[in-house]
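Let us read a few features together, one at a time. Have the viewer open.

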Amino acid sequence: MHWAFRMAEIMANRSKARQKVGAVLVRKGFVSGGWSQEGTKSHPMVKKYTANRAYNSLHAEQHALIGIRPELYRGGTMYIYRARKDGEQGLAAPCPMCMHWLTIAGIKKVFYSLDIEGFNKLII
């Protein structure tokens, strides 16, 4: 398994959310991580940039990008991992909102865990 997936797994296990997802952004030696965070109301960053108020949490992909200068992540690769309750990996395909964020951010490749062992790759 790629080292960035191992880091994304560690990030996922930090999450207290119902869906434990971790994300790691890698670009030219720069690394940033994040994990899913749930709340009873929208996270300020989600509220600011998302019209759909049904999203009431900060997703791991967003957490990995927040507060970072664009020149550090543009053209980078995002690794996303979901930790299921049984300890196995689960499907971590980015939701439409996160795909939008990743596209706008200029992320070029996204790898995410599948329900079975292995990973899928998207090129944006």
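**Reading rings and strands**

Q: What kind of model is this?
A: It is a predicted model.

Q: How is a pair of aromatic rings described?
A: By the distance of the centres and the angle of the planes. Here, a search of the whole structure finds 2 aromatic pairs. One of them joins Phe5 and Tyr79: 5.2 Å centre to centre, with 85° between the planes. Planes over 60 degrees apart count as edge-to-face, so that is the label for this pair.

Q: Which parts does the pair of Phe5 and Tyr79 tie together?
A: Phe5 lies in helix H1 (residues 3-14) and Tyr79 in strand S5, so the pair ties together parts 74 residues apart in sequence.

Q: Are Phe5 and Tyr79 buried or exposed?
A: Both Phe5 and Tyr79 are buried. For Tyr79, the relative accessible area is 9%. Buried means under 20%, so Tyr79 qualifies.

Q: How do Tyr79 and Phe111 pair?
A: They are stacked, at 5.3 Å centre to centre and 10° between the planes. Phe111 sits in strand S7 (residues 109-113), 32 residues from Tyr79. Phe5, Tyr79 and Phe111 form one aromatic cluster.

Q: Which sense does the pairing of S1 and S5 take?
A: Antiparallel, over 7 bridges. Ala23 has Ile80 in S5 as its bridge partner. S1 also pairs with strand S2 (residues 30-35), again in the antiparallel sense, over 6 bridges. There, Val24 stands opposite Gly33.

Q: What happens in the hairpin of S1 and S2?
A: It has 2 residues between the strands, and Lys28 takes a positive phi near 45°.

Q: How many residues of S1 are buried?
A: In S1 (residues 20-27), 6 of 8 are buried.

Note on methods. Residues numbered from 1 in each chain as written. Predicted model: local features only at pLDDT ≥ 70, side-chain atom pairs only at ≥ 80, totals over all residues. Heavy atoms only, no water. Buried < 20%, exposed > 50% of the residue type's maximum accessible area, 1.4 Å probe, protein only. Helix = DSSP H or I, 4+ residues; strand = E, 2+ residues; numbered from the N terminus. Pairing = 2+ DSSP bridges. Phe/Tyr/Trp six-rings, centres within 6.5 Å; stacked < 30°, edge-to-face > 60°.
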